[in-house]
Amino acid sequence: MTTQYGFPVVTMLIVLPLVVAAALLVLRRNERTVRLVTLGAGILECLLALPLLSYAPNGPAFQFVEQAPWLPALGMSYHMGVDGLSLYMILLTALMLPLCVLGSWTYISKRVTEFHFCLLLMTSACIGVFAALDFVLFYVFWEAMLVPMYLLIAVWGGPRRRYASIKFFLYTLAGSTLLLAAIVAFRHVGGTFSIPELMEKSYSFRFQMWAFLAMALAFAIKVPMFPFHTWLPAAHVEAPAAGSVLLAAILLKMGTYGFLRFCLPLTPAASVTAAPVMIAISIASIIYGGCIALGQTDIKKLIAYSSVGHMGFVTLGIFLFSVKGVSGAILQMLNHGITTGGLFMMVGLIYERSHSREITDNQGLGKFMPAFMFLFGLFSFSSLAFPGTNSFVGEILVLIGAFSSNTWVGFCAVPGAMLAAAYMLRLLQRVTWGEPSSFKKSWHDLGAREWVTLIPLALLVFYIGLAPSLAIKTIEPSIERVLSVMHQKNQAMGLTSDMKFTERMRLPASMTVATATDAVRKELP
Amino acid sequence: MTIFKLLPELWLLGIVCALFVASVRGSRRVMSWLPVAAGIGVLVAVAGLSSRGEMLYATYKLDALSQFFKLAIAFGFAVVAGIAAGKKESRDLTPDYFMLLALSAWGLMLLASCVELVTLYLALELSSYSLYALIPLRGQDRRAAEAGIKYILFGAAVTAIALFGLSYIMAAKHTTYIAALAASSWSFADAPLAVVGLTLFLAGFFYKLALFPFHFWCPDVYQGTKNETAAYVATIPKLGAVVVLVRLAAILTPHMEVTTILAILGAISMTGGNLAALVQRDVKRLLGYSSVAHAGYVMLGLAAGSAAGLAASAFYSLAYILMNLAAFYVVCTISKDGENPSLDDLDGLYHRAPALAMILAVAAFSLVGLPPTAGFTGKLFLLSAAWDQGFYWLVIVAVLNTAISIYYYLGLVRHAYTGESDAPALVIPKGTLVFGGVLAALVLLAGIIPAPLYDLAAMAGTQLHP
């Protein structure tokens with residue numbers, strides 16, 4: 001296997017959870033040992049991910065590249081790499097493993113080995129999705145992640161877990177079967193499964209439209225975009241806390257990542273053509289998610305519907321095709337993972353105490369559980385995009401992008417931010433200061449383990465909120481590359497976009513389309 | 001020495017003879033040596049992979065295709081023998097039962113090497129006659145008799161059609177050698193009689209493959225016959241059918257009229273099979289309809305008619321027997337008294353036998369075509385081959401069918417993992433579990449590292465379509 005850095009970082013990140021998962025199944029020690037071993041694996045996974053922080057923002061686009069032959073006869077290879085689009089998603093996935101183990105320490109009491117087995121498989125598959133540079137490899141990880149997630153919901157979920165798990169599985173797998181057809185079609189037309197090589201080629205408009213439709217359906221279901229979102233609330237509500245966290249933090253991002261990685265550079269003309277529809281659907285998701293969240297009495301359901309709205313901001317940012325919009329979108333992907341992940345963990349903690357997720361059963365906690373409410377408040381403020389928190393930066397970038405693209409688009413998206421404030425503040429008000437209805441003294445405030453679980457996410461809320469430029473600096477070069485490839489291909493097809501593309505591209509004067517293309521070529525193996 | 005090139009066939013013939021002696025002597029100790037002998041047969045087939053040559057007036061050919069399928073047949077027979085070996089207490093599993101099983105497998109091995117239509121027909125019948133006797137062998141179960149009659153009646157009718165087709169081919173082309181036939185024109189305009197004849201002749205193999213509209217026997221026979229027999233009928237004869245179809249497909253060049261017929265039959269077969277499977281409660285019957293659908297998937301490669309298509313069909317058929325045998329292994333293991341398990345019988349399997357539940361999950365997800373299993377890789381090859389030849393609509397039909405099939409395959413996993421049951425834990429000998437585990441591992445391995453198997457299949461495909 002050829003590796004760029006002499007040490008196969010990405011492969012190790014994928015293999016380590018698999019090895020530990022296999023060991024868990026074979027060894028089957030007592031529950032505490034299983035938890036400790038998985039926690040150890042999670043911490044090791046985070047340590048293994050540290051070399052990724054040496055990512056050079058201005059270097060060639062794909063770094064930490066690892067390649068080995070897989071099926072040469074069909075042009076398939078084990079090809080991994082990281083760029084600005086995937087870097088933070090991989091880091092977030094690695095971080096979520098130990099946090100999910102800690103968050104489930106007392107929450108999960110049955111089939112403990114198998115639960116942790118599923119968590120480890122999920123981690124491995126998710127990292128694979130974000131790092132794969134071979135289309136088939138991407139699909140393998142994309143689908144492989146479904147099975148552990150299905151089991152997490154079906155086995156450890158709530159009362160309606162069967163319904164929710166089947167709905168989740170059917171929706172997502174049915175959607176992605178057409179993605180498989182698109183992958184096959186790309187190989188036929190492009191002659192390879194290699195994503196960097198496919199990005200370099202141009203495709204006819206007709207082909208692009210069909211391929212875009214097939215891929216967009218798979219990605220839209222995964223995001224989920226309105227009206228393909230109906231699996232999400234059921235899955236979120238029924239999943240155990242760790243399942244909800246993984247769903248919110250990682251799984252939903254795969255859809256938006258798919259749009260960025262495949263739709264924009266591979267089918268640029270179709271993306272531009274479909275952009276008005278995608279923007280309309282995104283705005284519908286924002287408004288719809290916010291309105292439905294406003295009417296929820298179940299805390300988890302409320303946060304699940306808020307996810308539909310937040311992810312609407314992400315897809316909106318992507319289809320603005322501006323550096324600001326897409327930067328905001330990627331930042332929002334990361335932020336939503338941190339914030340909503342944190343909120344779902346906190347719902348899990350409160351459910352452990354009250355055995356209810358209803359707002360009315362969990363009112364007035366501010367008096368009895370101040371530490372809990374402090375963190376819950378922090379994540380809630382982040383969720384409503386309060387200045388100083390991480391989500392503010394992402395959301396404002398998307399909104400600026402939207403206003404500079406089209407004032408009406410911006411105006412339509414703004415109520416989403418207001419709705420988020422309405423439902424989150426309403427929730428916060430009732431949970432903190434509402435009439436305590438069923439509080440028992442046995443409900444203790446946050447313990448040390450719970451603090452350890454939540455503090456990393458809380459720190460990230462501030463870190464990204466107060467110093468966003470560090471993250472944006474890493475993301476932007478990759479976005480510029482994707483957008484320049486997209487623009488160049490569209491120009492070659494004579495497609496005149498009304499999106500005022502170059503004006504908003506913030507390309508440096510020296511960075512012409514030709515130099516951008518050269519940069520892309522250099523990075524190709 | 002020519003004789004050493006035939007070692008896989010000779011080894012299996014030796015097993016048949018030994019079983020014959022055992023059945024005459026009434027020995028009940030067959031199960032202690034048969035799985036080992038069948039396992040050695042797999043090694044012999046591996047050793048014979050490189051054998052090449054022609055014999056018996058060029059009617060019998062050892063090439064990459066035949067040796068690849070002989071390995072698959074030897075493997076399939078070993079697995080079925082292994083599954084049956086776990087049922088030592090069953091009174092139905094007598095030496096003559098295994099003798100007929102081995103004889104059928106031997107016929108299929110011969111079929112893999114036949115390159116002349118009459119020889120091919122004889123080998124097909126040799127494998128079929130054993131099955132006609134095997135299928136009704138199920139204690140005193142009346143459904144077994146019904147299954148036997150259905151299989152024989154359908155088989156006889158289709159055989160007649162195939163023979164009728166053969167006569168047309170002979171009349172039009174004046175030869176029965178596939179190589180000579182391949183050298184002549186097969187467009188409908190040039191040789192209408194031959195094309196009609198070929199279509200009819202193919203019907204015989206479509207019957208074995210349970211392709212629409214020759215599939216009506218399939219669910220009834222699976223349901224009626226003994227579980228171990230069903231495991232065999234559902235897998236190995238299909239390999240025989242695929243090898244012949246792959247060989248005959250070499251006659252076809254892409255975009256001929258017959259390929260369109262194959263594509264249409266494939267599309268109907270996968271759709272009909274999947275839709276019918278959706279409503280089944282009997283697991284064997286469900287797998288029966290699913291095999292109709294899978295026969296349709298195999299048609300993707302045959303319809304493509306290219307080297308890649310034939311290789312894809314060969315690979316997929318091997319993947320299919322792996323995953324189907326894993327599924328039937330679970331069926332056979334959970335039904336202690338040989339009864340047909342229903343979906344409800346799978347309830348709580350996870351509690352009763354976690355390893356079995358996992359094997360079932362691997363098999364079911366592979367049958368769906370979920371990565372990283374052999375089913376996914378095989379389907380990817382098929383779709384690629386069909387797309388390359390412009391069968392876009394067929395690819396779309398295939399992926400939509402995959403979406404339909406998710407529901408009932410997921411049903412198997414759902415019952416096993418989320419169903420509640422008060423049934424006691426299943427006691428399964430460790431050796432049997434290891435056997436099932438190896439099957440599941442092979443399903444995963446062929447999906448994750450497909451290159452060695454695919455290269456073998458590709459060699460066979462390239463040899464037919466250089």
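These points cover the chain contact, the core and selected local features of a predicted model.

1. **The contact between the chains.** Chain B contributes 36 residues and chain A contributes 35 residues. About 3,300 Å² is buried between chain B and chain A. Carbon and sulfur atoms give 77% of that area.

2. **Polar links across the contact.** Two salt bridges are counted between chain B and chain A. Arg161(A) pairs with Glu420(B) in a salt bridge, with the closest N and O atoms 3.7 Å apart. Six residue pairs are in polar contact between chain B and chain A, both residues at pLDDT 80 or more.

3. **What chain B brings to the contact.** Five elements of chain B each give two or more residues to the side that touches chain A: H16 (349-352), H17 (354-368), H18 (374-388), H19 (392-418) and H21 (451-464). H19(B) supplies the largest share, 14 residues. By class, this side of chain B has 27 nonpolar, five polar and four charged residues.

4. **The largest nonpolar core.** This core holds 401 residues. The members that touch the most others are Phe135(A), Phe138(A), Phe259(A), Phe319(A), Phe372(A), Phe98(B) and Leu349(B). Helix H15 of chain B (residues 307-334) gives the most to the core, with 21 residues. Look at Phe372(A) as one case. Beyond four places in sequence, Phe372(A) touches Met346(A), Leu349(A), Ile350(A), Leu365(A), Asp445(A) and Leu446(A).

5. **Leu260(A).** This residue sits in helix H11 of chain A (residues 241-266). Leu260(A) has a relative accessible area of 1%, so it counts as buried. Apart from neighbours within four places in sequence, its contacts are Leu85(A), Pro265(A), Ile318(A), Val326(A), Ile330(A), Met333(A) and Val482(A). Ala164(A) is 96 residues from Leu260(A) in sequence and 28 Å away in space, C-alpha to C-alpha.

6. **Asn335(A).** Helix H14 of chain A (residues 323-354) carries this residue. Asn335(A) is buried, at 0% relative accessible area.

7. **Helix H10 of chain A.** Why is H10(A) (residues 231-238) described as largely enclosed by the rest of the structure? Because eight of its eight residues are buried. Among them are Trp231(A), His236(A) and Glu238(A). The buried residues of H10(A) pack against H6 (146-156), H7 (161-190), H9 (205-222), H11, H13 (299-318) and H14 of chain A.

8. **Backbone geometry to check: cis bonds.** Most residues other than glycine have a negative phi, and most peptide bonds are trans. In chain A, the bond from Val223(A) to Pro224(A) is cis, with omega near -10°. Pro224(A) is in the loop between H9 and H10 of chain A. In chain B, a cis peptide bond joins Phe212(B) to Pro213(B), with omega about 0°. Pro213(B) is in the loop between H9 (192-209) and H10 (217-224) of chain B.

9. **Backbone geometry to check: positive phi.** Arg111(A) is not a glycine, yet its phi is positive, about 45°. Arg111(A) lies in the loop between H3 (87-103) and H4 (112-131) of chain A. Its relative accessibility is 17%, so Arg111(A) counts as buried; the cut-off is under 20%. Ala385(A), also not a glycine, has a positive phi of about 65°. Ala385(A) is found in the loop between H15 (370-383) and H16 (390-405) of chain A. With a relative accessible area of 12%, Ala385(A) is buried.

Technical notes: Residues are numbered from 1 along each chain as its sequence is written. Chains are lettered from A and ligands numbered from 1 in the order in which they are written. This is a predicted model: local features need pLDDT of at least 70, side-chain atom pairs count only at pLDDT 80 or more; totals for chains, interfaces and linings use all residues. Side-chain values use heavy atoms; hydrogens and water are left out. Contact means heavy atoms within 4.5 Å. Buried area is the accessible area (1.4 Å probe) that two parts lose on being put together, summed over both. A salt bridge is a side-chain nitrogen of Lys or Arg within 4 Å of a carboxyl oxygen of Asp or Glu. A polar contact is a pair of N or O atoms within 3.5 Å; within protein, one must be able to donate a hydrogen and the other to accept it, and residues adjacent in sequence count only if both atoms are side-chain atoms. Helices (H or I, at least four residues) and strands (E, at least two) are DSSP runs, numbered from the N terminus. Ala, Val, Leu, Ile, Met, Phe, Trp, Tyr, Cys and Pro count as nonpolar, Asp, Glu, Lys and Arg as charged, and the others, Gly among them, as polar. A nonpolar core is a set of buried Ala, Val, Leu, Ile, Met, Phe, Trp, Tyr and Cys residues joined through side-chain atoms within 4.5 Å. Buried means under 20% relative accessible area, exposed over 50%, partly exposed in between (1.4 Å probe, protein chains only).
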